Amino acid sequence: MKKVIALLCLLLCAGAAITACSAGKDTKADNSLKEIYREIKAEVSLPDMVELDSADKLDRTYGITSGMVDGFAGGIDSSGVTMTEIVLIKAKDEDSAEQVAQKLNNRLQSKLDQNRTYNPEQAAIIEKCEVQTKGLYVTLIISGEAEKITEIVNEHLK
Amino acid sequence: MKKWICVILCLMTVVLCTACGEKKDADAEIQASTGGIEHPLPASWFDDAVFVGDSITLKLSYYCEDNPSALGKAEFFCAGSLGYNNALWDIDDYDAVHPYYRGEVALSEDCAAKTGATKVFIMLGMNDLGIYGIDGTCDACAELVNRIKSHTPDVEIYLQSVTPILAGYESGDLTNANIVKFNERLKQFCEDNGYQYIDINSIMRDDRGNLTESYCSDPDAMGIHFTDSACAMWVDYLKNHV
């Protein structure tokens, strides 16, 4: 009986340690997408970006909740002057991927609408961009360098 | 036996106390950079605020994303090119530029209803004055405020002045002189209706009434958008004058 109690206590102790230590750490998908985003920033000249580094930001900006995604990375031009935006998401499953793609398409359309009449230069860039889905990976890349950025992303998501 | 239980319980306590939990951002207060004000509002005061605006406020929203201790959990309802006039257009109007909030396009008049805000801060007009003139902008401002109040009668309204333009970037009727005239009408409108007028223009302009060069982030483009340091001043002004 004493041995059982001691074992239970040790198990509880170990469980608490593992749970506490793993809380707040990135998922594997997060890390790989962050790595891709780091490479994009290293290879392409981007303006100063607000990083998409929290589930709250993802929800506030796109209406994409943490329940839909397994990992994400990216950023938005922090000056608000250009429409540069890079969103890399791994959805939890196919249904979520569809929802995520819909939300990002809404975002793309909204940006196009905002710029069509008042900022034709940026609208021309946005018009050439699209939301892409590869399996569970969904991406939105709005940038004058969208082609180069997409190449980098596709290289990793083969 | 009792000794072993105590040892194990102590070990559990030590592990739980030192385990790496979720990181919490520090919520340090921004110190007032201007003298004379003893107690600036805390960032948390803005937790139930929503900021309605154009691309200038969009920049503020990005600044606040990077600086959570600026305006707390304030929400932002902004869109590039938004103005008092086009904020009144139908949501599916082809040329409409309504704010995009949590994955959906929404009308500015619904900003408080959608966010649960009790304080509504508005800064619009830069995209109106050149097209609709001072009278047209004032009329649209009154109508937008009226719609917000009709949807959410209990909200407090704070109208922020239109900010200045960099020297050399004025165009047509969009001039710093007209901005000043509009702001005077806006101030009067606030006084007549019990709204608070927040004069952000006053801290952004130089002694000639132009946007201070060092506050401008787009001297090669439109000459109206702010740097991070200008946003910090904006936040500071709000905390000390609201």
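These legends describe close-up views of a predicted model of a complex.

**View 1. Confidence in the complex and in chain B.** The predictor assigns the complex an ipTM of 0.76 and a pTM of 0.82. Chain B has a mean pLDDT of 88, with 86% of its residues at 70 or more. Residues 19-37 of chain B stay under 50. Where pLDDT is low, the predicted coordinates should not be read in detail.

View 2. B:Glu65 pairs with A:Arg60, with 2.6 Å between the closest N and O atoms. B:Glu65 sits in helix α2 of chain B and A:Arg60 in helix α3 of chain A, so the bridge joins two chains. B:Glu65 is buried, at 19% relative accessible area. A:Arg60 is partly exposed, at 21%. Shared partners tie A:Asp56, A:Arg60 and B:Glu65 into one network.

**View 3. A salt bridge within chain A.** A:Lys111 meets A:Glu85 at 2.3 Å, N to O. A:Lys111 belongs to helix α4 and A:Glu85 to strand β3, 26 residues apart. A:Lys111 is buried at 6% relative accessible area, and A:Glu85 is buried at 0%.

**View 4. A salt bridge within chain B.** B:Asp228 and B:Lys59 meet at 2.5 Å, N to O. Helix α7 holds B:Asp228 and helix α2 holds B:Lys59, 169 residues apart. B:Asp228 is partly exposed at 43%, whereas B:Lys59 is buried at 5%.

**View 5. The second largest pocket.** Its space is about 320 Å³. The lining has 20 residues; A:Tyr118, A:Asn119, B:Ser81, B:Met222 and B:His225 lie nearest the centre. Helices α4 and α5 of chain A and α2 of chain B each give two or more lining residues. Eight lining residues are nonpolar, ten polar and two charged.

How values were computed
Residues numbered from 1 in each chain as written. Chains lettered and ligands numbered in written order. Predicted model: local features only at pLDDT ≥ 70, side-chain atom pairs only at ≥ 80, totals over all residues. Heavy atoms only, no water. 1 Å grid on protein atoms, 1.4 Å probe; cavity = no way out; pocket = protein on both sides within 12 Å on 5 of 7 lines; lining within 4 Å. Points joined across faces, edges and corners; volume = space filled by probe spheres on them. Helix = DSSP H or I, 4+ residues; strand = E, 2+ residues; numbered from the N terminus. Nonpolar A, V, L, I, M, F, W, Y, C, P; charged D, E, K, R; others polar. pLDDT = per-residue confidence, 0-100. Contact = heavy atoms within 4.5 Å. Salt bridge = Lys/Arg side-chain N within 4 Å of Asp/Glu carboxyl O. Buried < 20%, exposed > 50% of the residue type's maximum accessible area, 1.4 Å probe, protein only.
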